[in-house]
Amino acid sequence: MRFLFCLLLLTSISSFASPLTPADSLRKPLTLHALYTPASLIIGGLIANGHSEESIKNELAESRNRHIPRFHTHIDDYMQFSPLVFAYGLDAFGIQSKTDVLNRTAILVKGEAMALTTATILKSATHTLRPDGSSYNSFPSGHTTQAFAAATFLNEEYKDRYPWMPYASYTVASSVGLLRVANNRHYISDVLVGAGIGYLSMKLAYWTHRYKWGRAHAKMQPVY
């Protein structure tokens, strides 16, 4: 049910899209293949999200408490936003991104809104206790949702110029998720579902964008 709720909430945005213009037709439509990655992350998180002591999430939490019980860092609080700093920083230093600044910012705002709204709704609906017992808003991980949305944004803007960008951006995002588990703030299930939400939200923002500003100069390349 959580998986269906998440997908319905995210994909409902596309129903409000206006008819395609000739310029918009340069983009390829969203395909089933494009959903494999976020669906795998979300399904994996739901599989790991058992309530028994032998569930994947509880086994990993127990292992964390046994091997690194005192581990704590705040670096993940900053790393979740680092892809956005790089995305705009590279452009500021003259390394041109795929999309002009107005359209790029509009895409970012839409993607962030979808990702964080979905994560917030799920946190409230599931009311899951954090592994450290501090609060009932563990599922999904907001930090990981933010990190993967930001990483997807950076990747879409620079993957054509730098083939290594997917590896760099998603390594940073994955590190944020792992640190949330190591900090005992989230279960692995929270992290996986958050990653799927962040990734899919930003992809949908690119897919539905109409490039209303600077249309003649925008490089409207398809999102795969």
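The questions below go through the labels in turn.

Colleague: What kind of model is this, and what is its mean pLDDT?

Modeller: It is a predicted model. The mean pLDDT is 86, and 82% of the residues reach 70 or more. pLDDT is the predictor's confidence in each residue, from 0 to 100. Residues 1-26 fall below 50, and beyond near neighbours in sequence this stretch has 39 contacts in the model. Where pLDDT is low, the predicted coordinates should not be read in detail.

Colleague: What is the helix and strand count, and in which pattern do the elements run?

Modeller: There are 9 helices and 0 strands. Along the sequence the pattern reads α-α-α-α-α-α-α-α-α.

Colleague: What share of the residues counts as buried, and what is the cut-off?

Modeller: Buried means under 20% relative accessible area. By that rule, 47% of the 224 residues count as buried. The accessible surface comes to about 11400 Å², and 67% of that belongs to carbon and sulfur atoms.

Colleague: What share of the contacts joins residues 24 or more positions apart?

Modeller: Such pairs account for 79% of the contacts with a separation of 6 or more.

Colleague: How do you know that the length of H6 agrees with its residue count?

Modeller: H6 has 26 residues. At 1.5 Å a residue, the helix should span 38 Å. Its end C-alpha atoms are 37 Å apart, so the two values agree.

Colleague: Why is the bond between phenylalanine 139 and proline 140 called cis?

Modeller: Omega is about -5° for this bond. Most peptide bonds are trans. Proline 140 is found in the loop between helix H6 (101-126) and helix H7 (142-158).

Colleague: Asparagine 184 also has a positive phi. Is asparagine 184 buried or exposed?

Modeller: Phi of asparagine 184 is near 65°. Its relative accessible area is 11%. The cut-off for buried is under 20%, so asparagine 184 is buried. The residue lies in the loop between helix H8 (165-182) and helix H9 (188-208).

Colleague: Why is H9 described as largely enclosed?

Modeller: Of its 21 residues, 19 are buried, so the rest of the structure largely encloses H9. The helix reaches 30 Å from its first C-alpha to its last, close to the 30 Å expected.

Colleague: Why are tyrosine 88 and phenylalanine 153 called a stacked pair?

Modeller: The search finds 5 aromatic pairs in the whole structure. In this one, the rings are 6.0 Å apart, centre to centre, with 25° between the planes. Rings pair if their centres lie within 6.5 Å, and planes under 30 degrees apart count as stacked. Both values pass, so the pair is stacked. The pair links distant parts of the chain, with tyrosine 88 in helix H5 (residues 82-92) and phenylalanine 153 in helix H7, 65 residues apart. Ring pairs link Tyr88, Phe153 and Tyr206 into a cluster.

Colleague: What makes lysine 57 lie over the face of tyrosine 187?

Modeller: Lysine 57 is 4.5 Å from the ring centre. The distance limit is within 6 Å, and the charge must also be within 35 degrees of the ring normal. Lysine 57 is listed as lying over the face.

Colleague: Where does threonine 152 lie, and what does it touch?

Modeller: Threonine 152 lies in helix H7. At 0% relative accessible area, it is buried. Not counting residues up to four places away in sequence, threonine 152 touches Tyr170, Tyr199, Met202 and Lys203. Threonine 152 and tyrosine 199 are 47 residues apart in sequence, yet 6.0 Å apart in space, C-alpha to C-alpha.

Colleague: Why is glutamate 59 called partly exposed?

Modeller: Its relative accessibility is 37%. Glutamate 59 lies in helix H3 (residues 56-67). Leaving aside neighbours within four places in sequence, glutamate 59 is in contact with Glu53 and Glu54.

Terms used
Residues are numbered from 1 along each chain as its sequence is written. This is a predicted model: local features need pLDDT of at least 70, side-chain atom pairs count only at pLDDT 80 or more; totals for chains, interfaces and linings use all residues. Side-chain values use heavy atoms; hydrogens and water are left out. Helices (H or I, at least four residues) and strands (E, at least two) are DSSP runs, numbered from the N terminus. Buried means under 20% relative accessible area, exposed over 50%, partly exposed in between (1.4 Å probe, protein chains only). Contact means heavy atoms within 4.5 Å. Accessible areas come from the Shrake-Rupley method with a 1.4 Å probe; for residues, only the protein chains shown count as cover. Rings of Phe, Tyr and Trp (its six-membered ring) pair if their centres lie within 6.5 Å; planes under 30 degrees apart count as stacked, over 60 as edge-to-face and the rest as tilted. The expected span of a helix is 1.5 Å times one less than its number of residues.
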